[in-house]
Amino acid sequence: QVQLVESGGGLVEAGGSLTLSCAASERTFSNFAMGWFRQAPGKEREFVAATTWSGSRPYYTDAVKGRFTISRNNARNTVYLQMNSLTPEDTDVYYCAADSFISTVVGAYKSWGQGTQVTVSS
């Protein structure tokens, strides 16, 4: 499994931006598809965005299309989630995940980070 550590969460006003980072320990990071998910208390974890090993085919849930951008730097073993035009509905714990194949399904990913809290105030 890949060790993943998220960072970059915090408190931001509605309309603001944040960039989340997820650093991987695995030297073969470039072999993995990466995903971002989020979860609110008492709710199921849900898909946000994912990218293939090359970063050339990003996928987004409809709620974040046009506002969020997933990218990766394989030389730095890091995947990013740029979040713009944030709303209070984006308040969640955000998790990154890694696996051999890209997917929008939580259960498809074997490696997970510990999560980072994003809070958007109105």
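Author: Happy to! One term before we start: a residue is called buried under 20% relative accessible area, exposed over 50%, and partly exposed in between. Also keep in mind that this is a predicted model.

Reader: Nice. What about Thr51, buried or exposed?

Author: Thr51 is buried, because its relative accessibility is 1%. This residue belongs to strand β5 (residues 46-51). Not counting residues up to four places away in sequence, Thr51 touches a whole list of others, including Ala33, Ile70, Val79 and Ile102.

Reader: Let's switch to sheets. What is the strand order in the open sheet of four strands?

Author: The order is β1-β3-β8-β7, and the pairing is antiparallel.

Reader: Which strands stand at the edges?

Author: β1 and β7 (68-73) do. Each has a single partner strand, so one side of each is left without a neighbour in the sheet. On average, neighbouring strands here are turned by 15° against each other, direction ignored.

Reader: How many bridges does β3 have with β1, and how many with β8?

Author: Strand β1 (residues 4-7) pairs with β3 over four bridges, while six bridges join β3 to strand β8 (residues 78-83). On the β8 side, Ser21 stands opposite Tyr80, and Leu18 stands opposite Met83.

Reader: How many residues of β3 are buried?

Author: Five of its seven residues, so to speak mostly covered, along residues 18-24.

Reader: New topic: charges! How many salt bridges does the structure hold?

Author: Six. In general, side chains of opposite charge can pair when their charged atoms come close. One of the salt bridges here is between the side chains of Arg38 and Asp90, at 3.0 Å from N to O. Arg38 lies in strand β4 and Asp90 in the loop between β8 and β9 (92-99), so this pair ties together parts that are 52 residues apart in sequence.

Reader: Are those two buried or exposed?

Author: Arg38 counts as buried at 5% relative accessibility, and Asp90 counts as buried at 2%.

Reader: Which other residue forms a salt bridge with Asp90?

Author: Arg67, whose closest N and O atoms with Asp90 are 2.7 Å apart. Arg67 sits in the loop between β6 (59-60) and β7, so the pair ties together parts that are 23 residues apart in sequence. Arg67 is buried too, with a relative accessible area of 17%. Salt bridges that share partners link Arg38, Glu46, Arg67, Asp90 and Asp92 into one network.

Reader: And how about Asp62, what does it form a salt bridge with?

Author: Lys65, with the closest N and O atoms 3.1 Å apart. Asp62 counts as exposed, because its relative accessibility is 60%.

Conventions: Residues are numbered from 1 along each chain as its sequence is written. This is a predicted model: local features need pLDDT of at least 70, side-chain atom pairs count only at pLDDT 80 or more; totals for chains, interfaces and linings use all residues. Side-chain values use heavy atoms; hydrogens and water are left out. Buried means under 20% relative accessible area, exposed over 50%, partly exposed in between (1.4 Å probe, protein chains only). Helices (H or I, at least four residues) and strands (E, at least two) are DSSP runs, numbered from the N terminus. Two strands pair if DSSP finds at least two bridges between them. Contact means heavy atoms within 4.5 Å. Axes are lines fitted to C-alpha atoms, for helices over the stretch in contact, and angles run from 0 to 180 degrees between N-to-C directions. A salt bridge is a side-chain nitrogen of Lys or Arg within 4 Å of a carboxyl oxygen of Asp or Glu.
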